[in-house]
Amino acid sequence: MTGETLYTLFIWPVRLILEFLFVLFNRIFDAPGPSVIFLSVVVNTFSLPVYLIADRWQKEERNLQRRMKKKIADIRAVFKGDERQMILNTYNRQMGYSPVFVLKASIGLLLQIPFFIAAYQFLSRTAMLSGVSFLFLKNLSVPDGLLRLTLPRAGILVINIMPILMTAVNLASSLIYARDMEKRERIQFFAMALVFLVLLYNSPSGLVLYWTMNNVYSLAKNAAQAGLKKPGRALHFAVAFFAAVFLFLIWSGRASVERYRMLFTGIALILIAVPFIWRGLLRLLGGRPLSAAGNEPVRLTAKSGDMTALYVSSLAVLFLLIGFLNPSQVLSASAADFEKPLVFILRTMLQGFAFLVMIPLFVRALAPSGVRRVLAAGAGALTVSCLISYFALSASYGVMDRNFRLDDTGRLLHAFPLWVSIAVPLASILLAAVFIVTGKDRLLAAFFQAAAAALLVLGAVNMVSLVRQSGALSRLRTQTSAGIPDPASAASGFPAVFPLSASERNVFIVFFDRAQGTAMTGALAYMPDLQEQLDGFVFYPNTLSFGSCTVTGVPAMLGGYEYTPAAINSRKDELLVDKVNEALTALPRLFGKAGYRVSITDPVIANMQSVPDISVFLDLPNVTAGVLSGKLSDRFRAEFPDAEEKAIDTFDFDILFRYGLFRSSPPALRYGIHYKGQWWKEAAYNSYGRAVAEFSALYYLPELCPVDSNTGTLNIFMNAVTHESGAYNARLFPQPEAVLFDEPETALYGSENNAEYMYTFMSAMKQFVKWLAYLKQQGVYDNTRIIVVSDHGGNYHSGGIEFSEMEGHNPILLVKDFDSRGVIEISKELMTHADTPALAAAGLLGPGPEDGGIPAAAVKEESGTETDGERTEGLTETGGGKEPEGLAERNRPLVAVDEASSQPLRHGPYQFNLEGRRELKGKELFRKESWGKWERD
């Protein structure tokens, strides 16, 4: 924990900056090699003022020591012991010297440490350099190996040239910089160059390229300071040159800036005009500019001081807004979606403190007084802009999953007109300028102090809610299973979670959260063997889910038509939690009462909780319940010991901080920050930990299904493997490293999002058919009815649906009846996931609920009919020779709903909170004409 804290405070902010700039340049140029060079140039340019100040301090300390050297030598020669020390201390005070000056003079060297560690960590690990060539470097992710010598006895000797070139440049720079230093100091610089040679010799050539460019920049800086009368002017010319090249690349079409061309043009023009802008700001705010050599301090006019109160209060507001209020809002709204939410928010607060408080205060401490006024003015304007953007310009961008990715990124582009994003920063600058120029900066600071207090109170309220939820979730996660042994506590082997009878009937429902029907169509095309492996199955692609998230999808899926969102909301006087629990326990209660052994795992939204709550099943006869999610992760990792993710490399490490930047930015920038759910990371996120938690249960499913000769069974295996995309590639197995997609993959599946989802879906199918093979080996395949179903669809855009609004309402539905064999058949019949109870109970239970039979409202009318020439007989029989009453339920309008939230706690005590509803008027849900218009609530 201490190591992570130190990393977050001192290394992570630098890495975030490096990653941000590298991703930016790579998006613009689509060339990692030039991006590394631009990264080095920009980082060195922006940190140049700090190094100039450090150089000045070092020169002052060195000159003072030289003046004191002879006198100190005389004192040491004449006096001894305590007397000598007392005289030396007195002399130091007289000369204004303190031993702390040594540390002050070493600040330039100390600054290189976090930059070196951050660059080493980022550029030596990023997948964006893998296999990429640049100039004479064949692969930037490995040592260059440019020189290969064949020795008579030693064989081939490979020599890396780039580290040697880097060291040569470093030595040349040190020779110029240390020309006036003593021999001892020059030796230290040369030794440091050799240390870097040893450290980086076997490093990836991309990292060495970056450090070589740093040394080239340092060489140019030292040469300019040594040989030019106005080195600052030379720096401006260099910056202007790069800005002009940037402008040319933008407007010639060689740089891809998408919809931000005008923004980058403005930045380039500002860089060209920066000396004039800087002088104007300093004169406006009461100072005059720092000299080019960095030796002349800024002197203030008679105006007020450096506006410390405004600067500090601005930082306080930014920290509380982005580092405290925002994460507390997110986590308190959905604590169950995050593992260890309290640790998560504390880490985000630490990140906010490091990035928004520590670094700005450090910069201010090094800055002259006039520059401090500029910093205070800029902080004030930025704070006003962030407050307006966060509170006044928030918008509904659709569904965001727990990987912080929006289903429809197009909403980011059209939520606000462009003029709003331009007006907000300009108005913020104008407002801050009015307060400062009129000498009312303390009034603005007082406003920020009041805002900080308000943010603190709001965040504290969220924290109280979060602590309460965390306590409740902790109790749920540690509750004892109702009859199902905990797989994690088994010393060896696997517990009997889903027993199967060798002689009696078995019904097995496999629930894949967010598995989309049209994705199954794709899987059959991409995995041709599935057609035979899904032996005896019927696939219903034309299947509807009434809701597009778990909270509104699961009740109808497990309870039938009586528990569609519309039906539940029509029972206005009954508690929502009771109605949902009725739906989840309907099948277990009926099968258990009929003498079947029933097992259910991970019952989502039971008791309207995001974390499975098995308590609702405790009193049901012959029913056992338990939790599998995450319980087999350790066993899986022990069997497949891939390098586990470190906390600093996971997607979740700083996602809440990035999301805070997103919410407090002008609307036009939000698309670029989110950018397909990558959040300015160097590669797509990897949900390896969450993927393993779900995949491991599916992977070990055969071992969890022992066969015996007891009574029949109903097993309900609820699994979210298809919900946790992001960790799968063509291997169809969870990958701990970041998953990237090449152009052929993107072209094959239609988009990166599609590729990501299809690999996840096909990984699930691969393990599922392995389980089917196990059932055949055990001789229980023919006496087992298998239903594969989901609560809702996803965001797989295959073109099978004519418009991109209803993918979330297309769940998977696969059915294999008893004694059914043959290549998978595809039925065009209109189905819904609310048919699942009838499909499960057909022919097994009595005809009416009073006799323990399936509820009438769960059965659809088209029992045993032919539809479009496809086989459907036998799948929907109700048994008993008599149709139960209430079959008209299936003929009611089929209404899909748009939920206000995917979180259970955000729905009312009696009804689901819905934003709209849409009726299916035809029988083909893929066609536009089959749907009515959305009726918004």
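Modeller: A salt bridge is a side-chain nitrogen of Lys or Arg within 4 Å of a carboxyl oxygen of Asp or Glu. This is a predicted model, where local features need pLDDT of at least 70, side-chain atom pairs count only at pLDDT 80 or more, and totals for chains, interfaces and linings use all residues. Residues are numbered from 1 along each chain as its sequence is written, and side-chain values use heavy atoms, with hydrogens and water left out.

Biologist: How many salt bridges does the structure hold?

Modeller: The count is 16.

Biologist: Why is the contact of Glu574 with Arg571 called a salt bridge?

Modeller: The closest N and O atoms are 2.8 Å apart. The cut-off is 4 Å, so the pair qualifies.

Biologist: What makes Arg571 buried or exposed?

Modeller: Buried means under 20% relative accessible area, exposed over 50%, partly exposed in between (1.4 Å probe, protein chains only). Arg571 has 16%, so Arg571 is buried. Glu574 has 32%, so Glu574 is partly exposed.

Biologist: How do you know that Glu919 forms a salt bridge with Lys921?

Modeller: Their closest N and O atoms are 3.8 Å apart. That is within 4 Å, so the term applies.

Biologist: What makes Lys921 buried or exposed?

Modeller: Its relative accessibility is 57%, so Lys921 counts as exposed. Glu919, at 30%, is partly exposed.

Biologist: Which residues do salt bridges with shared partners join into one network?

Modeller: Glu19, Asp654, Arg658 and Lys681. Within it, Asp654 and Arg658 meet at 2.9 Å, N to O. Both Asp654 and Arg658 are buried.
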